[in-house]
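Here is a short report on one protein model. Keep the sequence and the 3D view open as you read.

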Amino acid sequence: MRVPTLTLAAAGVALIAPATLPGAAAALPPEARPAVPGGSATVAASAVGPPFAHRRDVPAAPSPRETAAPSRGPAAAVPRRAVPEAAPGHAEGTVTAAELLARVGTCAEISNGRYRSDEDSPATVPVCGARGAVFWTADLDIDCDGRASAHCNSEADPLYSPSTAYRQSDGQPLNAETLPYIVVPAVSPRWDPGAQGVRGGSVAAVVYRDRVQYAVVGDTGPSDLIGEASYATAQGLGIRSGPSDGGVPSGVTYIVFKDSAVDPIEDHDAAVAVGERLARRFVTDNRPADPAS
């Protein structure tokens with residue numbers, strides 16, 4: 001990951017708070033993949049809906065340990081075992097990357113200013129609006145926060161945090177190694193994601209080259225940076241997924257469907273079902289204008 005992302009301090013509160021940097025964390029042992037709670041998933045989604053001024057499930061105040069987040073240092077300085085190259089990506093659903101990318105060629109900018117993709121990068125990335133979705137195109141940095149696992153832990157990632165802004169239905173943090181999720185910036189004068197129907201559990205289609213990976217909004221990051229997703233998201237896109245040496249510097253498009261939701265948030269099959277339906281609607285509703293008209 002690029003910088004530590006925000007953690008969920010308490011359920012049911014109204015505002016997003018800035019991220020905190022955890023103290024030096026002891027190495028955590030790997031864990032087995034958590035079991036998804038049984039029962040059928042309840043999925044509620046629509047392409048459009050009334051805006052919401054605030055997220056309902058984020059911390060109300062920053063931690064007293066709040067500091068400025070450092071940029072990632074050289075990977076060689078971090079003692080860790082080597083992380084293998086990501087497995088080849090795969091297609092989820094029938095909506096193609098080409099279909100989605102054809103609908104995001106023009107940006108109707110809705111952010112009040114632009115984001116940096118990294119600490120030392122210029123602010124060049126806008127958030128764009130479309131029918132039923134918001135989107136941006138940036139890099140992909142690896143977020144390995146959440147439940148400790150074989151490849152996501154404090155030994156592999158020097159900036160690892162054991163928490164995520166949103167949690168599983170059993171109260172546990174999300175598992176970055178097994179759950180495809182993306183990170184959205186914290187609310188700021190630049191952009192309030194919640195006002196556009198983007199909150200924890202919202203469904204996204206992440207596109208890289210010819211691959212589409214459905215994911216949920218699972219974590220929040222610094223208010224001035226954009227372009228981060230979980231270890232599992234990178235693997236699904238065929239991107240190297242190591243927390244210190246993975247990711248890609250550009251060319252990843254994040255399309256988040258407004259007012260969509262998956263419950264429980266960890267049900268990836270439900271995210272794929274909702275994402276496929278809303279991606280097809282997005283393609284239909286955002287056809288390029290006919291030049292002859």
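## A charged residue inside

Which residues does R103 touch, not counting residues up to four places away in sequence? They are F282, V283, N286, R287 and P288, where contact means heavy atoms within 4.5 Å.

This is a predicted model: local features need pLDDT of at least 70, side-chain atom pairs count only at pLDDT 80 or more, and totals for chains, interfaces and linings use all residues. Residues are numbered from 1 along each chain as its sequence is written, and side-chain values use heavy atoms, with hydrogens and water left out.

R103 sits in the loop between α1 (97-101) and β2 (108-109). Helices (H or I, at least four residues) and strands (E, at least two) are DSSP runs, numbered from the N terminus. R103 is buried (under 20% relative accessible area, 1.4 Å probe, protein chains only). The R103 side chain reaches the backbone oxygen of N286 at 3.4 Å.

## Helix α3

Several α3 residues are buried, including H268, E276, F282 and V283.

## The core

The largest nonpolar core has 62 residues. Such a core is a set of buried Ala, Val, Leu, Ile, Met, Phe, Trp, Tyr and Cys residues joined through side-chain atoms within 4.5 Å. L100, W136, L140, I182, I255 and F257 touch the most other members. Helix α3 gives the most to this core, with eight residues.

Note on methods. Buried < 20%, exposed > 50% of the residue type's maximum accessible area, 1.4 Å probe, protein only. Lys, Arg positive; Asp, Glu negative; His and termini not counted. Salt bridge = Lys/Arg side-chain N within 4 Å of Asp/Glu carboxyl O. Polar contact = N/O pair within 3.5 Å; in protein donor to acceptor, adjacent residues only side chain to side chain.
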